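Let's work through a few exercises together. Grab a pencil, look at what is shown below, and try each task before you read its solution.

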Amino acid sequence: MRNFHFLFAAWMAVWAVFFVYELSVASRVSQLRDEIERLKQQLREG
Amino acid sequence: MKTRAPITILVAAVMFFAGYAALFIAPDERTMHEIQRIFYFHLGSWTAMFAALTVAFVANVAWLLTRQPRWDWLGVSAVEVGVVACTSGLITGVLWGKPAWGIWWTWDARLTTCFILWLLYVSYLILRGLIEEPQRRATLSAVFGIFAFLDAPLVYASNRLWRTQHPAPVIFGGPNSGLDPTMVKVLLFCMTATLALMLVILVDRYRLEQMRHELDELRVAAETRSASPGPALTAATRN
Amino acid sequence: MSTARAAAILLAKELRLEFRTRELLNATIVFALVVVVLFSFSFDPTSAESRRLGPGLLWIAFLFAGSLMLHPSFGREQANQTLDALRMAPISPFALLLGKMLANFLFLSAAELILVPVFAVLYNVSLSGVVGRLAIVLALGTAGLCITGTVFSAIAAHARMRELLLPLLLLPILAPLLIAAVEATASLFAERPALDRTWLAFLGGFDIVFLTASWLLSDFLLEE
């Protein structure tokens, strides 16, 4: 199979680009979720 | 959100199957053989980008008309996702170009258009980063976003008019000129798959903006609470 | 007060302001000349090459000089906080924008008036017979540059790093204009000069689209 490396690289690149972005978004979302919970707790106690 | 996990799994499965289809089900192409299969991911990226940027345009207009924060959130989310899709389109384009034409890059109409669009919308994101006041940031970036969206077809048209007059590497006679029916099916499937993936990511990114807003409001509430003397303060000192 | 009248008064103000010091005009012309000269160092073009690369160089010089010149359009207002006064005046926001667009157009055109002959001399390009048609192309291209540039100057005025931001915002948007202007100019510098109608129509279309967009969005651009 000629040029298979490029095809594979392209497939991986597409995955990587979307996946890495999604990961960064998801991790920020969970960070924020914790922060929000913490603040809500603080407000409830205060 | 309870429906979240099943949807993600479904989209992942669809993408996986789309990859399989592109790699193994689609028939072999005459001149470029297997490297041509990048075409399915390449067009998929472009579809996702186009959809995302259209959503961004609608959101920009909606913000200016209604001033509801959620349109601003949608606007920035859609642009970011659009830039990601565009990046994917550019990378697949480059990786297709090298084996197919022997060169990493060429200034043909489509690649140039994609690159300029990438620059345009990255500028949008940079602009947002440089304006602090939220209302003004939303309004000015919405105006810029509308200009960018109006420019996009002009960029494409001008590049088309221009580059096709120069000798350029031919992309197997245009994607819609007599494509094998199986290819068409695989193409549509891949486009749908990338679109679905884009939507999932968009929803997540929107949620991020929404939560940022919620966090800001909570912070303000917490500060005003601690600023005023009373039970809150005594409770803290007791602890 | 009608939009046209308000724009005219504002245009007069801008012109008066600029001709008091002429600093902007001078700087713009010199900067464009620097670009033109540097190009000759970097590329050392022969006469045939000059004919081929000339139009591109010319328009890049205008684009760079223009985007630097456009920044003070709203930057000056911001610095002196005169924008609030203008906003309170009984004029439509579009009149304000239009006045500035016209002023910028005149400034840049004045710079071009000097630059084009200099360019023709430096690169041995013959301008005989094409001056009128070249003027049309220059006018349409400059108009597009000033329309978008003024709008983005208003946007960048509220942001940090505005000197860098304005070219960053402007140049990608102007890519189609650049292509059209260069191609139209190139067909005028060719062996048999001809006015390319396609590109001319494209330039006109670009100007109309962005002028209309500016008109529709002017309220939002200049709000508090």
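Two residues are in contact if their C-beta atoms, placed from the backbone, lie within 7 Å. We're looking at a predicted model, where local features need pLDDT of at least 70, side-chain atom pairs count only at pLDDT 80 or more, and totals for chains, interfaces and linings use all residues. Residues are numbered from 1 along each chain as its sequence is written, while chains are lettered from A and ligands numbered from 1 in the order in which they are written.

**Exercise 1.** Find out how many residues of chain C are in contact with chain B, and which elements they come from.

*Solution.* Step one: 24 residues of chain C are in contact with 24 residues of chain B. Step two: helices H7 (162-173), H8 (175-189) and H9 (197-221) of chain C each give two or more residues to this side. (Helices are DSSP runs of H or I with at least four residues, strands are runs of E with at least two, and both are numbered from the N terminus.) Step three: H9(C) brings the largest share, 8 residues. Step four: sort that side of chain C by class, and you get 19 nonpolar, 2 polar and 3 charged residues. Here Ala, Val, Leu, Ile, Met, Phe, Trp, Tyr, Cys and Pro count as nonpolar, Asp, Glu, Lys and Arg as charged, and the others, Gly among them, as polar.

**Exercise 2.** Work out how H5(B) and H9(C) are oriented to each other.

*Solution.* First, take the angle: helix H5 (residues 134-163) of chain B packs against H9(C) at about 170°, with the axes 10 Å apart. Because of that angle, H5(B) is roughly antiparallel to H9(C) (the cut-off is over 145 degrees). Next, look at who meets whom: residues including B:Val143, B:Phe147 and B:Leu150 in H5(B) meet residues including C:Phe202, C:Phe206 and C:Val209 in H9(C). Last, the classes: this contact has 13 nonpolar, 3 polar and no charged residues.

**Exercise 3.** Is B:Thr8 buried or exposed, or something in between?

*Solution.* Start by locating B:Thr8, which sits in helix H1 (residues 4-25) of chain B. Now count: 15 other C-beta atoms lie within 10 Å, so B:Thr8 is partly exposed. (Buried takes 20 or more, exposed 12 or fewer, and partly exposed is in between.) Finally, B:Thr8 and B:Ile201 are 193 residues apart in sequence, yet 9.5 Å apart in space, C-alpha to C-alpha.

How values were computed. Axes fitted to C-alpha atoms, helices over the stretch in contact; angles between N-to-C directions. Parallel < 35°, antiparallel > 145°, perpendicular 65-115°, else oblique.
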